[in-house]
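Welcome! Try each task before you read its solution.

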Amino acid sequence: MGFNQSRLRGVVAVRIACAVLLVFATGIARAEFVTVGDSGNAGEYQPQLGWFGDVSYTYDIGEYEVTAGEYAQFLNAVAKSDPYGLYNGDMNSTTYGCKIARSGSPESYDYSATNAALPVNFVSWYDAARYCNWLTSGNSESGAYQFDGSGNFIGTSRAAGAAVCTEGIVYTLPTEDEWYKAAYYDPTRSDDDEYWWYPTKSDSGDPPTRDWSEGTNTGNNANHIEGEPYGNYGLWDVGTCDESESYYGTFDQGGNVSEWTETPGAEGYVFRGGSWNTGVSELTAENRNYYPSDTESRELGFRVVAVSAAIIPEPSTVMLLLVAAMAGLLRRRR
């Protein structure tokens with residue numbers, strides 16, 4: 001499903017134009033994205049885990065983790081009464097929260113981010129999925145992730161997202177392969193070793209350090225706990241290590257917050273990347289974890305993928321009917 005160059009340029013132009021138009025039309029903020037090309041790349045084998053990183057199409061992924069400022073805007077749009085528990089009080093009340101505060105009373109809650117550049121944390125997989133739906137359709141319950149009229153999760157389908165997207169782009173959590181490729185793949189390396197060990201373009205003998213400071217950043221840094229005195233850690237603004245990006249230009253895929261993916265694990269869903277509260281070994285390509293879908297942790301956040309609806313297979317008649325029924329339920333509930 002790879003794009004030729006002229007089509008790719010057209011799709012990117014449409015994405016940018018539509019994103020700008022949607023901000024003016026709806027007030028929905030769009031994260032900054034980088035394009036992950038080199039479609040049809042080979043995957044990488046991790047012993048006892050399997051193959052990762054092979055993706056047959058071009059996609060965009062968030063340059064940064066979703067921030068507290070972006071998530072607060074989402075809450076203000078869909079959580080005035082917050083029936084689905086999209087806000088966790090620990091976001092503001094704990095030492096390690098992302099500092100989103102809630103004021104007001106049910107039906108008129110208001111949310112504000114003290115530091116809008118921190119990555120959002122204390123979000124479940126369902127919270128992250130609903131955020132992606134909101135970017136796709138303008139509401140939290142329809143998009144690539146289907147929820148029924150009672151708020152119960154009933155399935156994942158990017159095709160369903162394409163059926164309801166407002167501007168030709170479906171926003172989702174990254175699959176594990178999409179996440180892995182954006183973090184570790186580098187087509188400029190040798191054919192038999194096209195993946196880095198860390199998402200800062202470094203290998204096992206050169207782990208990222210945490211000794212970043214303003215004006216002295218020389219690259220290969222990440223926000224993790226290793227080597228730090230107890231208490232001398234916590235969330236950093238996204239992109240703080242501005243010389244430590246992956247080949248495709250993503251920041252903080254190692255450290256800061258671990259990130260949910262769309263891929264199911266043995267229990268719940270896979271997350272990757274390590275966090276401010278883990279050792280450097282959890283930033284590696286071989287590290288893979290999963291949590292139950294409703295887990296809300298000080299170490300967990302997410303980033304978003306954007307896929308052109310043009311490359312998603314047409315939804316089946318059954319799926320279209322399902323989406324239409326869901327839309328009807330939402331209208332009746334409002």
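**Exercise 1. Find which residues form one aromatic cluster together with Phe52.**

Solution. Step two, the rule: rings of Phe, Tyr and Trp (its six-membered ring) pair if their centres lie within 6.5 Å, and planes under 30 degrees apart count as stacked, over 60 as edge-to-face and the rest as tilted.

Before going on, note that this is a predicted model, where local features need pLDDT of at least 70 and side-chain atom pairs count only at pLDDT 80 or more, while totals for chains, interfaces and linings use all residues. Residues are numbered from 1 along each chain as its sequence is written, and side-chain values use heavy atoms, with hydrogens and water left out.

**Exercise 2. Describe the aromatic pair of Phe33 and Tyr171.**

Solution. Step one: the structure holds 29 aromatic pairs. Step two: Phe33 and Tyr171 make a tilted one, 5.9 Å centre to centre with 45° between the planes. Step three: this pair links distant parts of the chain, with Phe33 in strand E1 and Tyr171 in strand E9, 138 residues apart. (Helices, H or I of at least four residues, and strands, E of at least two, are DSSP runs numbered from the N terminus.) Step four: Phe33 is partly exposed at 25% relative accessible area, whereas Tyr171 is buried at 4%. Buried means under 20% relative accessible area, exposed over 50%, and partly exposed in between, using a 1.4 Å probe and protein chains only.

**Exercise 3. Work out where Asn121 is found and what its side chain lies beside.**

Solution. Step one: Asn121 is in the loop between strand E6 and helix H4. Step two: Asn121 has a relative accessible area of 0%, so the residue counts as buried. Step three: a polar atom of the Asn121 side chain lies 3.1 Å from the backbone nitrogen of Cys98. Step four: leaving out residues up to four places away in sequence, Asn121 touches several others, including Met91, Leu235 and Leu300; contact means heavy atoms within 4.5 Å.

Conventions. A polar contact is a pair of N or O atoms within 3.5 Å; within protein, one must be able to donate a hydrogen and the other to accept it, and residues adjacent in sequence count only if both atoms are side-chain atoms.
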